[in-house]
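Thanks for opening this one up with me.

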Amino acid sequence: MLIAGFPAGAWGTNCYLVAPAAGEECVIIDPGHQAAQGVEETLKKHRLKPVAVVLTHGHIDHVASVVPVCGAHDVPAWIHPADRYMMSDPEKSLGRSIGMPLMGELTVGEPDDVRELTDGAALSLAGLDFSVAHAPGHTKGSVTFRMPESADVPSVFFSGDLLFAGSIGRTDLPGGDMDEMLDSLARVCLPLDDSTVVLSGHGPQTTIGRERATNPYLREVAAGLGSAQPAPRRGM
């Protein structure tokens, strides 16, 4: 399997391209702010043909390049219905203006083909299988994507802004909720095998085992303690 990722834009949001191998079809995950050029360069480098864009949530740092990427390749975008409005109204999802100079660089709106994700859905795209888990807390429509273990790689978990290396997503923006975040961590993350590779929306990759042992939020959830403290800010 091929997973090519790069941080994009003002918030360093990780965009991932996933394919069975070089020269085949692929899925694009979270093409955010200023990600379009990186997507095209990665497609060319690995000779990939995109078939879909899938989104972990609707914040502008994860969806800003959806319209140009989907339009250039005539592919659909998948998003949870609770976050769909953010593609057309990003400032509402932030509770503030993100600034006119930055807004001038964005293509706000929906691509021509938008499809909605549901909890527990099984997506088969580009010869790959993704299981979808609704994981609110960062936003109401946050989801994660998990790929099963295969002969050559362990299970891979695209956590969006639910779980980071050493931290979790912020909950202080509209739609954020710490109680929901803790519930999502317990329900979605804790049952995963320690060997599961975590590819998050920001920062380096990690594993569930490493986070179970060292991430203060996941440790507290595992111990049944919970936490009322806000997470360090990362991304939107």
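1. Helix H1, residues 36-46, lies across S1, strand S2 (13-19), strand S3 (25-29) and strand S4 (49-54). Its direction is at about 155° to S1. Please keep in mind that this is a predicted model.

2. Now for the sheet itself. Six strands make up an open sheet, in the order S1-S2-S3-S4-S5-S6, and their pairing is mixed. At the edges are strand S1 (2-8) and strand S6 (114-116), each of which pairs on one side only. On average, neighbouring strands of this sheet are turned by 25° against each other, direction ignored.

3. How do S5 and S6 pair, in the parallel or the antiparallel sense? Strand S5 (residues 77-79) pairs with S6 in the parallel sense, over three bridges. To find the pairing on screen, look for Ala77, whose bridge partner in S6 is Val114. As background, the strands of a sheet pair through backbone hydrogen bonds.

4. Helix H3 (residues 66-73) lies across S3, S4 and S5, and H3 runs at about 145° to S4.

5. Next come the charged pairs. The structure holds seven salt bridges, and one of them joins Arg84 to Glu110, with the closest N and O atoms 2.8 Å apart. Arg84 sits in the loop between S5 and helix H4 (90-94), while Glu110 sits in the loop between helix H5 (100-103) and S6, so the pair ties together parts that are 26 residues apart in sequence. Arg84 is partly exposed at 25% relative accessible area, and Glu110 is partly exposed at 32%. A network of salt bridges links Arg84, Glu110 and Glu116.

6. Is Arg170 buried or exposed? With 7% relative accessibility, Arg170 counts as buried. Arg170 forms a salt bridge with Asp172, the closest N and O atoms being 2.7 Å apart. Asp172 is partly exposed, at 42%.

7. One more pair is worth a look. The side chains of Arg212 and Asp194 form a salt bridge, at 2.7 Å from N to O. Because Arg212 lies in helix H7 (residues 208-214) and Asp194 in the loop between helix H6 (178-189) and strand S13 (197-200), this pair ties together parts that are 18 residues apart in sequence. Arg212 counts as partly exposed at 25% relative accessibility, and Asp194 is partly exposed as well, with 43%.

Conventions
Residues numbered from 1 in each chain as written. Predicted model: local features only at pLDDT ≥ 70, side-chain atom pairs only at ≥ 80, totals over all residues. Heavy atoms only, no water. Pairing = 2+ DSSP bridges. Helix = DSSP H or I, 4+ residues; strand = E, 2+ residues; numbered from the N terminus. Axes fitted to C-alpha atoms, helices over the stretch in contact; angles between N-to-C directions. Contact = heavy atoms within 4.5 Å. Salt bridge = Lys/Arg side-chain N within 4 Å of Asp/Glu carboxyl O. Buried < 20%, exposed > 50% of the residue type's maximum accessible area, 1.4 Å probe, protein only.
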